[in-house]
Amino acid sequence: MSELKNDRFLRALLKEPVDVTPVWMMRQAGRYLPEYRASRSQAGDFMSLCRNAEFACEVTLQPLERFELDAAILFSDILTIPDAMGLGLYFETGEGPRFKKIVRTEKDVADLPIPDVSTDLDYVMNAVTTIRSALGGRVPLIGFSGSPWTLATYMVEGGSSKDFRHIKQMMYASPEVMHELLNKLAVTVTAYLNEQIRSGAQAVQIFDTWGGVLSGPCYQEFSLKYMKQIVDGLIREHDGRKVPVILFTKNGGQWLESIAATGTDALGLDWTTEIADARQRVGNQVAIQGNMDPSVLYAPAERIRSEVASILEGFGPNLGHVFNLGHGIHQYADPDHAKVFVDAVHELSAAYHQK
Ligand code: 1CP
(Lines give C-alpha, C1' and ligand atoms only; values in the text may rest on other atoms or scores of the structure.)
Protein backbone atom coordinates (compact mmCIF):
# COMPACT_ATOMS: atom_id res chain seq x y z
CA MET A 1 0.00 0.00 0.00
CA SER A 2 1.51 3.32 -1.02
CA GLU A 3 1.23 6.10 1.57
CA LEU A 4 -0.85 9.09 0.57
CA LYS A 5 0.93 12.42 0.89
CA ASN A 6 -2.34 14.33 0.76
CA ASP A 7 -5.40 12.48 2.02
CA ARG A 8 -7.63 15.41 2.98
CA PHE A 9 -10.13 14.50 0.25
CA LEU A 10 -10.65 11.00 1.69
CA ARG A 11 -10.69 12.35 5.24
CA ALA A 12 -13.35 14.94 4.47
CA LEU A 13 -15.53 12.32 2.77
CA LEU A 14 -15.35 10.31 5.99
CA LYS A 15 -16.07 13.43 8.08
CA GLU A 16 -12.64 13.38 9.67
CA PRO A 17 -10.79 16.63 10.56
CA VAL A 18 -8.69 18.31 7.86
CA ASP A 19 -6.36 21.33 7.76
CA VAL A 20 -8.14 23.03 4.86
CA THR A 21 -11.20 22.08 2.78
CA PRO A 22 -10.21 19.74 -0.06
CA VAL A 23 -11.21 20.67 -3.61
CA TRP A 24 -11.42 19.11 -7.04
CA MET A 25 -13.51 19.97 -10.11
CA MET A 26 -15.88 17.71 -11.97
CA ARG A 27 -14.56 17.36 -15.53
CA GLN A 28 -11.25 18.81 -14.43
CA ALA A 29 -9.47 17.12 -17.33
CA GLY A 30 -11.08 18.31 -20.52
CA ARG A 31 -11.63 20.71 -23.32
CA TYR A 32 -11.07 23.96 -21.39
CA LEU A 33 -7.36 23.00 -21.14
CA PRO A 34 -5.25 23.64 -24.25
CA GLU A 35 -2.92 20.79 -23.27
CA TYR A 36 -5.93 18.44 -23.22
CA ARG A 37 -6.92 19.52 -26.73
CA ALA A 38 -3.34 18.89 -27.86
CA SER A 39 -3.32 15.37 -26.36
CA ARG A 40 -6.68 14.60 -27.94
CA SER A 41 -5.55 15.60 -31.39
CA GLN A 42 -2.38 13.58 -30.91
CA ALA A 43 -4.44 10.54 -29.90
CA GLY A 44 -6.81 11.08 -32.84
CA ASP A 45 -10.12 11.20 -30.98
CA PHE A 46 -11.73 11.03 -27.56
CA MET A 47 -12.16 7.24 -27.31
CA SER A 48 -8.52 6.69 -28.31
CA LEU A 49 -7.56 8.83 -25.32
CA CYS A 50 -9.67 6.60 -23.06
CA ARG A 51 -8.45 3.32 -24.57
CA ASN A 52 -4.76 4.13 -24.26
CA ALA A 53 -3.54 3.99 -20.65
CA GLU A 54 -0.59 6.34 -21.27
CA PHE A 55 -2.81 9.00 -22.85
CA ALA A 56 -5.52 8.58 -20.20
CA CYS A 57 -2.86 9.00 -17.54
CA GLU A 58 -1.36 12.05 -19.23
CA VAL A 59 -4.67 13.92 -19.39
CA THR A 60 -5.67 12.86 -15.85
CA LEU A 61 -2.52 14.53 -14.52
CA GLN A 62 -2.75 17.72 -16.62
CA PRO A 63 -5.05 19.66 -14.27
CA LEU A 64 -2.90 18.58 -11.29
CA GLU A 65 0.12 20.20 -12.89
CA ARG A 66 -1.72 23.52 -13.04
CA PHE A 67 -3.78 23.54 -9.86
CA GLU A 68 -3.36 22.40 -6.24
CA LEU A 69 -6.15 19.85 -6.54
CA ASP A 70 -6.76 17.38 -3.72
CA ALA A 71 -7.90 14.51 -5.93
CA ALA A 72 -7.39 13.12 -9.41
CA ILE A 73 -10.26 11.58 -11.37
CA LEU A 74 -9.78 8.72 -13.78
CA PHE A 75 -9.96 9.96 -17.35
CA SER A 76 -12.65 7.90 -19.03
CA ASP A 77 -16.35 8.28 -19.73
CA ILE A 78 -19.59 6.97 -18.30
CA LEU A 79 -20.50 5.56 -21.73
CA THR A 80 -17.81 2.86 -21.65
CA ILE A 81 -20.43 0.52 -20.15
CA PRO A 82 -23.02 0.75 -22.95
CA ASP A 83 -20.11 0.41 -25.39
CA ALA A 84 -19.02 -2.80 -23.62
CA MET A 85 -22.64 -4.03 -23.89
CA GLY A 86 -22.20 -3.93 -27.66
CA LEU A 87 -23.91 -0.64 -28.55
CA GLY A 88 -20.97 0.80 -30.52
CA LEU A 89 -20.21 4.18 -28.98
CA TYR A 90 -18.88 6.92 -31.25
CA PHE A 91 -18.56 10.69 -31.09
CA GLU A 92 -19.80 12.95 -33.88
CA THR A 93 -17.64 16.10 -33.81
CA GLY A 94 -19.44 18.82 -31.92
CA GLU A 95 -22.51 16.62 -31.48
CA GLY A 96 -21.78 14.57 -28.38
CA PRO A 97 -22.02 10.81 -27.98
CA ARG A 98 -23.91 8.48 -30.33
CA PHE A 99 -24.56 4.73 -30.53
CA LYS A 100 -24.72 2.45 -33.56
CA LYS A 101 -27.37 0.31 -31.81
CA ILE A 102 -30.15 1.58 -29.59
CA VAL A 103 -32.23 -0.20 -26.96
CA ARG A 104 -35.99 0.26 -27.36
CA THR A 105 -37.86 -3.04 -27.12
CA GLU A 106 -38.28 -5.88 -24.66
CA LYS A 107 -36.13 -8.04 -26.95
CA ASP A 108 -33.39 -5.39 -27.15
CA VAL A 109 -33.21 -5.42 -23.37
CA ALA A 110 -33.34 -9.21 -23.07
CA ASP A 111 -30.54 -9.58 -25.65
CA LEU A 112 -28.25 -7.14 -23.89
CA PRO A 113 -25.19 -8.97 -22.53
CA ILE A 114 -23.74 -8.29 -19.08
CA PRO A 115 -20.12 -7.46 -19.87
CA ASP A 116 -17.17 -9.07 -18.15
CA VAL A 117 -15.68 -5.91 -16.69
CA SER A 118 -12.18 -7.30 -16.21
CA THR A 119 -11.80 -8.25 -19.89
CA ASP A 120 -14.28 -6.09 -21.85
CA LEU A 121 -13.27 -2.98 -19.88
CA ASP A 122 -9.66 -3.93 -19.25
CA TYR A 123 -8.51 -0.65 -20.83
CA VAL A 124 -10.22 1.24 -17.99
CA MET A 125 -8.52 -0.93 -15.37
CA ASN A 126 -5.16 -0.46 -17.10
CA ALA A 127 -5.71 3.30 -16.98
CA VAL A 128 -6.47 3.11 -13.24
CA THR A 129 -3.30 1.11 -12.53
CA THR A 130 -1.14 3.39 -14.68
CA ILE A 131 -2.54 6.58 -13.10
CA ARG A 132 -2.16 5.24 -9.56
CA SER A 133 1.46 4.48 -10.17
CA ALA A 134 2.13 7.86 -11.85
CA LEU A 135 0.46 9.67 -8.94
CA GLY A 136 2.88 8.04 -6.52
CA GLY A 137 0.62 8.87 -3.57
CA ARG A 138 0.39 12.59 -4.36
CA VAL A 139 -3.42 12.67 -4.06
CA PRO A 140 -6.12 9.97 -4.14
CA LEU A 141 -7.61 8.70 -7.39
CA ILE A 142 -11.38 8.79 -7.92
CA GLY A 143 -13.04 6.08 -9.99
CA PHE A 144 -16.51 6.64 -11.41
CA SER A 145 -19.51 5.39 -13.31
CA GLY A 146 -22.81 6.73 -14.55
CA SER A 147 -25.93 5.74 -12.62
CA PRO A 148 -28.11 3.04 -14.19
CA TRP A 149 -30.83 5.60 -14.99
CA THR A 150 -28.39 8.05 -16.59
CA LEU A 151 -26.72 5.30 -18.65
CA ALA A 152 -30.14 4.03 -19.73
CA THR A 153 -31.13 7.49 -21.04
CA TYR A 154 -28.22 7.41 -23.51
CA MET A 155 -28.87 3.78 -24.49
CA VAL A 156 -32.59 4.24 -25.13
CA GLU A 157 -32.41 7.71 -26.70
CA GLY A 158 -29.32 6.77 -28.76
CA GLY A 159 -27.36 9.75 -27.44
CA SER A 160 -28.00 13.01 -25.59
CA SER A 161 -31.60 14.10 -25.24
CA LYS A 162 -33.62 17.15 -24.34
CA ASP A 163 -37.05 15.65 -23.76
CA PHE A 164 -36.24 12.00 -22.85
CA ARG A 165 -39.17 10.93 -25.00
CA HIS A 166 -38.24 7.31 -25.65
CA ILE A 167 -36.99 6.43 -22.19
CA LYS A 168 -40.01 8.01 -20.51
CA GLN A 169 -42.26 6.08 -22.84
CA MET A 170 -40.47 2.88 -21.81
CA MET A 171 -40.69 3.85 -18.12
CA TYR A 172 -44.42 4.63 -18.15
CA ALA A 173 -45.65 2.17 -20.78
CA SER A 174 -43.41 -0.85 -20.04
CA PRO A 175 -42.05 -0.43 -16.53
CA GLU A 176 -41.02 -4.10 -16.28
CA VAL A 177 -38.80 -3.72 -19.34
CA MET A 178 -37.33 -0.54 -17.85
CA HIS A 179 -36.60 -2.38 -14.60
CA GLU A 180 -34.93 -5.25 -16.42
CA LEU A 181 -32.61 -2.80 -18.18
CA LEU A 182 -31.85 -0.87 -14.97
CA ASN A 183 -31.13 -4.07 -13.10
CA LYS A 184 -28.68 -5.25 -15.76
CA LEU A 185 -26.98 -1.88 -15.54
CA ALA A 186 -26.85 -1.92 -11.73
CA VAL A 187 -25.22 -5.37 -11.76
CA THR A 188 -22.68 -4.16 -14.32
CA VAL A 189 -21.94 -0.85 -12.58
CA THR A 190 -21.36 -2.64 -9.25
CA ALA A 191 -18.87 -5.03 -10.84
CA TYR A 192 -17.24 -2.18 -12.80
CA LEU A 193 -16.71 0.05 -9.75
CA ASN A 194 -15.48 -2.87 -7.65
CA GLU A 195 -12.96 -3.73 -10.36
CA GLN A 196 -11.81 -0.08 -10.43
CA ILE A 197 -11.37 -0.27 -6.64
CA ARG A 198 -9.36 -3.50 -6.90
CA SER A 199 -7.24 -1.82 -9.59
CA GLY A 200 -6.52 1.17 -7.34
CA ALA A 201 -9.41 3.67 -7.25
CA GLN A 202 -9.51 5.13 -3.71
CA ALA A 203 -13.00 6.66 -3.82
CA VAL A 204 -15.84 6.31 -6.32
CA GLN A 205 -18.48 8.68 -7.61
CA ILE A 206 -21.74 7.77 -9.33
CA PHE A 207 -22.88 10.46 -11.78
CA ASP A 208 -26.66 10.61 -12.00
CA THR A 209 -26.71 13.48 -14.45
CA TRP A 210 -30.31 12.91 -15.53
CA GLY A 211 -32.04 11.73 -12.33
CA GLY A 212 -33.39 15.27 -11.93
CA VAL A 213 -35.70 14.97 -14.94
CA LEU A 214 -37.87 12.49 -13.03
CA SER A 215 -40.89 13.03 -10.77
CA GLY A 216 -40.26 12.28 -7.09
CA PRO A 217 -41.84 8.80 -7.10
CA CYS A 218 -40.13 7.90 -10.40
CA TYR A 219 -36.77 9.13 -9.08
CA GLN A 220 -37.13 6.74 -6.13
CA GLU A 221 -38.26 3.80 -8.25
CA PHE A 222 -36.09 4.17 -11.37
CA SER A 223 -32.96 5.94 -10.24
CA LEU A 224 -32.29 5.98 -6.50
CA LYS A 225 -33.31 2.36 -5.93
CA TYR A 226 -30.59 1.18 -8.34
CA MET A 227 -27.95 3.50 -6.90
CA LYS A 228 -28.73 2.03 -3.49
CA GLN A 229 -28.37 -1.46 -4.94
CA ILE A 230 -24.90 -0.44 -6.13
CA VAL A 231 -23.93 1.18 -2.80
CA ASP A 232 -24.97 -2.06 -1.05
CA GLY A 233 -22.73 -4.11 -3.35
CA LEU A 234 -19.61 -1.95 -3.33
CA ILE A 235 -16.29 -2.83 -1.73
CA ARG A 236 -16.09 -0.27 1.08
CA GLU A 237 -12.60 -1.03 2.32
CA HIS A 238 -9.53 -1.92 0.29
CA ASP A 239 -5.81 -2.06 0.99
CA GLY A 240 -6.39 -1.14 4.63
CA ARG A 241 -8.38 2.01 3.87
CA LYS A 242 -12.04 2.92 3.57
CA VAL A 243 -13.19 3.58 0.01
CA PRO A 244 -15.82 6.32 0.21
CA VAL A 245 -18.68 6.58 -2.27
CA ILE A 246 -20.29 9.80 -3.53
CA LEU A 247 -23.73 9.93 -5.16
CA PHE A 248 -24.31 12.95 -7.38
CA THR A 249 -27.80 13.56 -8.77
CA LYS A 250 -27.89 16.75 -10.79
CA ASN A 251 -31.07 18.67 -9.91
CA GLY A 252 -31.62 16.24 -7.03
CA GLY A 253 -31.78 18.90 -4.31
CA GLN A 254 -35.34 18.00 -3.35
CA TRP A 255 -34.34 14.40 -2.51
CA LEU A 256 -31.25 14.88 -0.34
CA GLU A 257 -32.72 13.09 2.68
CA SER A 258 -33.46 9.95 0.65
CA ILE A 259 -30.06 10.06 -1.06
CA ALA A 260 -28.36 10.34 2.35
CA ALA A 261 -30.41 7.36 3.58
CA THR A 262 -28.92 4.99 0.96
CA GLY A 263 -25.80 4.50 3.06
CA THR A 264 -23.60 6.60 0.75
CA ASP A 265 -20.67 8.39 2.41
CA ALA A 266 -21.26 11.65 0.61
CA LEU A 267 -23.70 13.43 -1.61
CA GLY A 268 -22.81 15.65 -4.51
CA LEU A 269 -24.74 18.92 -4.59
CA ASP A 270 -25.38 21.10 -7.61
CA TRP A 271 -25.65 24.88 -7.21
CA THR A 272 -29.45 25.10 -7.21
CA THR A 273 -29.66 24.12 -3.52
CA GLU A 274 -27.93 26.27 -0.92
CA ILE A 275 -25.30 24.31 0.92
CA ALA A 276 -26.44 25.67 4.31
CA ASP A 277 -29.94 24.23 3.69
CA ALA A 278 -28.51 20.96 2.45
CA ARG A 279 -26.29 20.63 5.51
CA GLN A 280 -29.20 21.40 7.84
CA ARG A 281 -31.39 18.80 6.16
CA VAL A 282 -28.92 15.92 6.21
CA GLY A 283 -27.06 16.91 9.38
CA ASN A 284 -23.84 15.01 9.81
CA GLN A 285 -25.22 11.80 8.32
CA VAL A 286 -23.15 12.23 5.15
CA ALA A 287 -20.41 14.49 3.80
CA ILE A 288 -21.40 17.06 1.18
CA GLN A 289 -19.50 17.76 -2.03
CA GLY A 290 -20.12 21.00 -3.90
CA ASN A 291 -21.43 23.38 -4.97
CA MET A 292 -20.31 26.49 -6.86
CA ASP A 293 -22.11 27.29 -10.10
CA PRO A 294 -19.46 26.55 -12.78
CA SER A 295 -20.51 29.76 -14.54
CA VAL A 296 -19.02 31.81 -11.68
CA LEU A 297 -15.68 31.04 -13.35
CA TYR A 298 -16.69 33.47 -16.13
CA ALA A 299 -16.47 36.31 -13.57
CA PRO A 300 -13.34 38.16 -12.41
CA ALA A 301 -11.18 36.85 -9.55
CA GLU A 302 -12.83 38.88 -6.80
CA ARG A 303 -16.28 37.55 -7.68
CA ILE A 304 -14.98 33.98 -7.69
CA ARG A 305 -13.41 34.50 -4.27
CA SER A 306 -16.55 36.00 -2.79
CA GLU A 307 -18.61 33.07 -4.04
CA VAL A 308 -16.14 30.59 -2.51
CA ALA A 309 -16.29 32.55 0.76
CA SER A 310 -20.06 32.45 0.86
CA ILE A 311 -20.24 28.69 0.22
CA LEU A 312 -17.65 28.06 2.95
CA GLU A 313 -19.68 30.19 5.31
CA GLY A 314 -22.86 28.33 4.34
CA PHE A 315 -21.28 24.99 5.25
CA GLY A 316 -19.80 26.45 8.42
CA PRO A 317 -17.20 24.97 10.77
CA ASN A 318 -18.50 21.42 10.35
CA LEU A 319 -16.75 18.23 9.31
CA GLY A 320 -17.41 16.66 5.93
CA HIS A 321 -17.15 19.25 3.17
CA VAL A 322 -15.42 18.59 -0.14
CA PHE A 323 -15.46 21.71 -2.30
CA ASN A 324 -16.36 21.27 -5.94
CA LEU A 325 -18.28 22.93 -8.72
CA GLY A 326 -21.98 22.08 -8.83
CA HIS A 327 -21.44 20.38 -12.20
CA GLY A 328 -18.62 19.95 -14.72
CA ILE A 329 -16.34 22.86 -15.55
CA HIS A 330 -17.46 24.53 -18.78
CA GLN A 331 -15.54 24.12 -21.99
CA TYR A 332 -15.16 27.93 -22.22
CA ALA A 333 -13.86 28.45 -18.66
CA ASP A 334 -10.51 30.23 -18.40
CA PRO A 335 -7.92 27.93 -16.72
CA ASP A 336 -6.51 30.94 -14.83
CA HIS A 337 -9.92 31.44 -13.23
CA ALA A 338 -9.99 27.76 -12.24
CA LYS A 339 -6.71 28.41 -10.43
CA VAL A 340 -8.22 31.38 -8.59
CA PHE A 341 -11.07 29.10 -7.50
CA VAL A 342 -8.88 26.25 -6.23
CA ASP A 343 -6.48 28.58 -4.39
CA ALA A 344 -9.38 30.52 -2.83
CA VAL A 345 -10.84 27.31 -1.36
CA HIS A 346 -7.59 26.45 0.41
CA GLU A 347 -6.83 29.97 1.54
CA LEU A 348 -10.29 30.95 2.77
CA SER A 349 -11.21 27.61 4.35
CA ALA A 350 -8.28 27.46 6.79
CA ALA A 351 -10.25 29.62 9.25
CA TYR A 352 -12.97 26.94 9.46
CA HIS A 353 -10.61 24.16 10.53
CA GLN A 354 -8.70 23.71 13.76
CA LYS A 355 -4.94 24.01 13.66
O1 1CP B 1 -14.51 16.24 -27.17
C2 1CP B 1 -14.01 15.69 -26.19
O3 1CP B 1 -12.80 15.76 -25.91
C4 1CP B 1 -14.89 14.86 -25.36
C5 1CP B 1 -15.45 15.57 -24.19
C6 1CP B 1 -15.57 14.58 -23.07
C7 1CP B 1 -14.73 14.48 -21.95
C8 1CP B 1 -13.56 15.36 -21.61
C9 1CP B 1 -16.50 13.53 -22.99
C10 1CP B 1 -17.54 13.18 -23.97
N11 1CP B 1 -16.24 12.80 -21.84
C12 1CP B 1 -15.17 13.36 -21.19
C13 1CP B 1 -14.54 12.85 -19.95
C14 1CP B 1 -15.38 12.56 -18.80
N15 1CP B 1 -16.73 12.33 -18.84
C16 1CP B 1 -14.94 12.40 -17.46
C17 1CP B 1 -13.49 12.39 -16.99
C18 1CP B 1 -12.84 13.72 -17.00
C19 1CP B 1 -12.85 14.49 -15.73
O20 1CP B 1 -13.85 14.53 -15.00
O21 1CP B 1 -11.82 15.11 -15.48
C22 1CP B 1 -16.07 12.16 -16.68
C23 1CP B 1 -16.12 12.00 -15.18
C24 1CP B 1 -17.18 12.12 -17.56
C25 1CP B 1 -18.53 11.82 -17.12
C26 1CP B 1 -19.68 11.97 -18.06
N27 1CP B 1 -19.74 11.71 -19.41
C28 1CP B 1 -20.97 12.32 -17.64
C29 1CP B 1 -21.36 12.56 -16.21
C30 1CP B 1 -20.86 13.84 -15.69
C31 1CP B 1 -21.56 15.07 -16.18
O32 1CP B 1 -20.86 15.95 -16.68
O33 1CP B 1 -22.79 15.15 -15.99
C34 1CP B 1 -21.80 12.34 -18.77
C35 1CP B 1 -23.27 12.70 -18.81
C36 1CP B 1 -21.02 11.94 -19.89
C37 1CP B 1 -21.47 11.75 -21.28
C38 1CP B 1 -20.67 12.55 -22.20
N39 1CP B 1 -19.43 12.20 -22.64
C40 1CP B 1 -18.90 13.20 -23.41
C41 1CP B 1 -19.86 14.25 -23.45
C42 1CP B 1 -19.69 15.52 -24.21
C43 1CP B 1 -20.94 13.86 -22.67
C44 1CP B 1 -22.17 14.67 -22.32
C45 1CP B 1 -23.21 14.51 -23.37
C46 1CP B 1 -24.51 15.18 -22.94
O47 1CP B 1 -24.48 16.38 -22.61
O48 1CP B 1 -25.54 14.50 -22.93
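Modeller: A quick note before we start: residues are numbered from 1 along each chain as its sequence is written. In this predicted model, local features need pLDDT of at least 70, side-chain atom pairs count only at pLDDT 80 or more, totals for chains, interfaces and linings use all residues, and side-chain values use heavy atoms, with hydrogens and water left out.

Biologist: Why is Met-178 called buried?

Modeller: Buried means under 20% relative accessible area, exposed over 50%, and partly exposed in between, using a 1.4 Å probe and protein chains only. Met-178 has a relative accessible area of 0%, so Met-178 is buried.

Biologist: Which residues is Met-178 in contact with, leaving aside its neighbours within four places in sequence?

Modeller: Contact means heavy atoms within 4.5 Å. On that basis, Met-178 is in contact with Trp-149, Ala-152, Ile-167, Met-170, Met-171 and Phe-222. Trp-149 is 29 residues away from Met-178 in sequence, while their C-alpha atoms are 9.4 Å apart in space.

Biologist: What makes a set of residues a nonpolar core?

Modeller: Its members are buried Ala, Val, Leu, Ile, Met, Phe, Trp, Tyr and Cys residues, joined through side-chain atoms within 4.5 Å. The largest one here has 126 residues, and Met-178 is among those with the most contacts inside it, as is Phe-9.

Biologist: How many of the residues lining the largest cavity are nonpolar, polar or charged?

Modeller: Ala, Val, Leu, Ile, Met, Phe, Trp, Tyr, Cys and Pro count as nonpolar, Asp, Glu, Lys and Arg as charged, and the others, Gly among them, as polar. The lining has three nonpolar, five polar and no charged residues.
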